[in-house]
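I opened a notebook page for the aromatic rings and wrote down what I looked up.

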Amino acid sequence: MSVRVRRVYEPPEPDDGVRVLVDRLWPRGLAKDAARVDEWPKGLTPSTELRRWYHAADRPYEEFRERYEAELAAPEAAELLDRVRELAGRGPVTLLTAARSPETGHAEVLARLLEG
């Protein structure tokens, strides 16, 4: 299973496979056709409350990860996670995010869950 995380602003690459946008809002200043997004499961994104909590102050990433994983256990999110896991079982999947530091954000949490 091949899952990777990239910034949505980076140009698409041939080995991206299925490109999945994992942000709730469409990235600013990015044309939809330029992004080449194949899937956009908004229900996989952290809740507004969790995002605000995490970004409001210097919160520990590990606590964010635990809270986010708890949200992903909800039926709708779990179903969407299974859908992306199924896609990853068929070929490469690239999780796209507009976050400046994807390695400490929700896309990285998703990638770990999908590969684990």
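Are Tyr54 and Phe64 buried or exposed? I found both Tyr54 and Phe64 buried; buried means under 20% relative accessible area, exposed over 50%, and partly exposed in between, with a 1.4 Å probe and protein chains only.

I noted that this is a predicted model, where local features need pLDDT of at least 70, side-chain atom pairs count only at pLDDT 80 or more, and totals for chains, interfaces and linings use all residues. Residues are numbered from 1 along each chain as its sequence is written, and side-chain values use heavy atoms, with hydrogens and water left out.

Next I looked up ring pairs and found four aromatic pairs in the structure. Rings of Phe, Tyr and Trp (its six-membered ring) pair if their centres lie within 6.5 Å; planes under 30 degrees apart count as stacked, over 60 as edge-to-face and the rest as tilted.

Helices are DSSP runs (H or I, at least four residues), numbered from the N terminus.

Phe64 also stacks with Tyr68, at 5.9 Å centre to centre and 15 degrees between the planes. Both lie in helix H3, four residues apart, about one turn of the helix. I read a relative accessible area of 2% for Phe64 and 0% for Tyr68.

Last, I recorded one aromatic cluster formed by Tyr54, Tyr61, Phe64 and Tyr68.

Notes:
Helix = DSSP H or I, 4+ residues; strand = E, 2+ residues; numbered from the N terminus.
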